Amino acid sequence: MEDKDIIGLYISRSERAISETDIKYGSYCRTIARNVLGDNGETEECVNDTYFSLWKTIPPTIPTILKSFIAKITRNKAINMYEKKTASKRSNGQMEVSIDELTECFDSSDDAQSRVERQETIAALNEFLEGLDKNKRIYFIQRYWYMTPIKEIAAKNNISEGSLKTMLSRIRADLKKYIKARGLY
């Protein structure tokens with residue numbers, strides 16, 4: 001089913017919207033959630049929360065790109081669940097590992113000035129990513145947006161884990177220089 005048809009089901013409040021969303025995007029949502037949470041039960045709960053949010057959000061919001069809209073909701077739900085879970089115990093998801101890899105590139109203070117600089121940093125990050133070649137940008141997004149394990153990225157893209165780790169390390173170093181050069185670190 002086409003995305004516009006699925007959105008139409010939400011707009012008309014048809015319960016079929018959820019099942020059609022699951023058919024088309026269920027495994028995509030589960031992959032995103034599992035990469036963050038590392039637990040199948042929590043992954044299913046997160047995906048169900050995503051569908052409930054879609055039901056509440058469409059309408060009034062009408063997404064232009066349904067896949068991206070769903071991915072953002074799923075990722076945010078998973079991160080919220082992860083934060084609740086790790087308040088009391090450790091988890092086995094990829095979020096902590098992938099975020100730790102990026103911490104050296106950004107300042108972590110949280111005052112008013114930092115919040116303004118954070119917006120500038122986001123713009124600089126987008127510019128930096130646009131300047132990367134397509135494959136490097138894909139690897140970076142797979143690792144740091146989708147929080148996909150190194151092993152899985154390497155297998156999907158037919159490169160060695162060592163080469164991928166080295167490439168990501170160099171991208172992070174370049175990103176840090178890029179951010180520093182703009183006075184944002």
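Reader: How many disulfides does a search of the whole structure find?

Author: In this predicted model, a search of the whole structure finds zero disulfides.

Reader: What makes C29 and C46 buried or exposed?

Author: The term buried applies under 20% relative accessible area; C29 has a value of 0% and therefore counts as buried, and C46, also at 0% relative accessibility, is buried for that reason.

Reader: Where is F140 placed, and why is F140 called buried?

Author: F140 belongs to helix α7, which covers residues 134-144. Its relative accessibility is 4%, and because the limit for a buried residue is under 20%, F140 counts as buried. In sequence F140 and L168 are 28 residues apart, but from C-alpha to C-alpha they are 6.8 Å apart in space.

Reader: How do you know which elements make up the protein?

Author: Counting the elements gives nine helices and zero strands, and read along the sequence the pattern is α-α-α-α-α-α-α-α-α. Among contacts between residues at least 6 apart in sequence, 65% join residues at least 24 apart.

Reader: At what angle do helices α2 and α4 pack, and is their crossing left-handed or right-handed?

Author: Helix α2, residues 16-37, packs with helix α4, residues 66-86, at an angle of about 35°, their axes being 9 Å apart, and the crossing of α2 and α4 is right-handed. Residues making this contact include Y25, C29, I32 and V36 of α2, together with I70, A71, A78 and Y82 of α4, so that C29, the buried cysteine discussed above, takes part in the contact.

Reader: Which classes of residue does the contact of α2 with α4 have?

Author: By class, the contact of α2 with α4 has 14 nonpolar residues, two polar residues and three charged residues. The cysteine C29 of α2 is assigned to the nonpolar class, because Cys counts as nonpolar, whereas K67 and R75 of α4 are assigned to the charged class, because Lys and Arg count as charged.

Definitions and conventions. Residues numbered from 1 in each chain as written. Predicted model: local features only at pLDDT ≥ 70, side-chain atom pairs only at ≥ 80, totals over all residues. Heavy atoms only, no water. Helix = DSSP H or I, 4+ residues; strand = E, 2+ residues; numbered from the N terminus. Contact = heavy atoms within 4.5 Å. Disulfide = S-S within 2.5 Å. Buried < 20%, exposed > 50% of the residue type's maximum accessible area, 1.4 Å probe, protein only. Axes fitted to C-alpha atoms, helices over the stretch in contact; angles between N-to-C directions. Left-handed = near helix turned anticlockwise from the far one by under 90°.
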